[in-house]
Amino acid sequence: MTVLRPNPQMRDAIARAVDAEATLCWTCGSCDSECPVNLATSRLHPRKIIRMANLGFLDELLRLPMIWYCITCKRCEHICPNLVKPYALIAYIREEVIRRRQISHEMLRRYRDFISRFQRVRWHAVEQCLHGGLESLSEKVWQEWLNTPVLQLPRMIHQKELNIKTRGFILAAKEADISSCFNCSECSCACPLACERSVFDPQWIFRMANYGLCNELLGSQSIWLCIACGRCSEACSQLVKGHNFIRWVKKSAVEKGFVDEGFDFRLSDAEKLIYCRYLEEIDRIMGFSEKP
Ligand code: SF4
Ligand code: SF4
Ligand code: SF4
């Protein structure tokens with residue numbers, strides 16, 4: 001077994017290249033406990049990535065599979081008490097891997113294509129959990145969900161259905177400043193999940209809220225895909241606090257019986273299955289699962 005020695009020169013070189021404030025990390029592990037991929041799979045550890053940077057292990061970081069598991073939500077950065085930025089470091093390492101041509105264009109193309117279709121699987125899992133649960137995920141079902149666009153049947157919304165707002169809805173929308181939205185799409189551009197409008201699009205959610213389509217929102221499958229990362233609110237130049245509003249919509253959907261009380265637990269179990277499969281697929285695309 002090779003024992004790795006700390007490399008202070010490389011640590012300083014990483015610190016100069018990326019403003020991640022890695023040296024402020026006191027290894028509390030809050031980032032690990034907040035990362036949605038780690039919560040579902042126990043296989044993505046932002047703390048470890050920061051620690052490796054602090055030891056100057058750049059070569060090892062460039063070969064680390066978990067760099068590619070990150071869904072770019074930045075929840076690790078929002079939770080860190082010392083304002084360390086694990087995601088900034090992950091983004092830098094990915095860029096370095098690409099710049100040094102340590103992965104091929106074809107791998108990168110397949111990886112990006114997979115990421116853009118992955119939310120379809122989560123959407124289908126929500127649907128499944130609304131009507132029972134997801135006990136297993138066969139290869140056939142995984143491929144089918146991944147490769148089939150989510151088609152939502154168009155429905156004409158009539159004037160009389162608009163502006164049906166409950167008091168709670170009005171208050172939640174007001175607190176989140178939803179009416180300030182002018183549909184610029186900054187939220188959708190920042191959201192790590194918004195790849196296909198029919199699957200998930202925060203701008204669409206806020207637009208519906210402004211029309212008062214309360215019941216449409218409470219009954220929507222898409223709201224359950226949101227991982228509460230807050231990137232939409234962070235990006236909004238109108239200071240709309242969209243993630244808070246979506247959190248309220250989910251809570252209200254449970255309270256008003258749009259989903260049953262066990263739904264959250266079933267969905268969390270389903271997410272474990274899905275994210276494990278997600279990591280397997282990335283390992284396959286990037287060649288991490290190949291035997292030496
Ligand atoms: S939350 Fe911050 S201080 Fe804690 S382990 Fe993660 S990076 Fe380090
Ligand atoms: S950006 Fe999100 S997915 Fe990536 S390490 Fe941080 S918390 Fe995990
Ligand atoms: S909080 Fe906002 S950016 Fe994050 S997943 Fe939800 S809608 Fe997207």
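Buried means under 20% relative accessible area, exposed over 50%, and partly exposed in between (1.4 Å probe, protein chains only). Glu-34, at 25% relative accessibility, counts as partly exposed. This is a predicted model in which local features need pLDDT of at least 70 and side-chain atom pairs count only at pLDDT 80 or more, while totals for chains, interfaces and linings use all residues. Residues are numbered from 1 along each chain as its sequence is written, and side-chain values use heavy atoms, with hydrogens and water left out.

**Salt bridges**
- With a salt bridge taken as a side-chain nitrogen of Lys or Arg within 4 Å of a carboxyl oxygen of Asp or Glu, the count comes to 21.
- Glu-34 pairs with Arg-75 in a salt bridge (3.5 Å, N to O).
- Glu-34 lies in helix 2 and Arg-75 in helix 6, so the pair ties together parts 41 residues apart in sequence; helices are DSSP runs (H or I, at least four residues), numbered from the N terminus.
- Arg-75 is buried, with a relative accessible area of 14%.
- Glu-139, Arg-277, Glu-280, Glu-281 and Arg-284 are joined into one network by salt bridges that share partners.

**Nonpolar core**
- A nonpolar core is a set of buried Ala, Val, Leu, Ile, Met, Phe, Trp, Tyr and Cys residues joined through side-chain atoms within 4.5 Å.
- The largest one has 95 residues, and helix 16 (residues 263-286) gives the most to this core, with 10 residues.

**Ligand 1**
- The residues around ligand 1 (a heavy atom within 4 Å) include Cys-25, Cys-28, Cys-31 and Cys-80.

How values were computed: Chains are lettered from A and ligands numbered from 1 in the order in which they are written. Helices (H or I, at least four residues) and strands (E, at least two) are DSSP runs, numbered from the N terminus.
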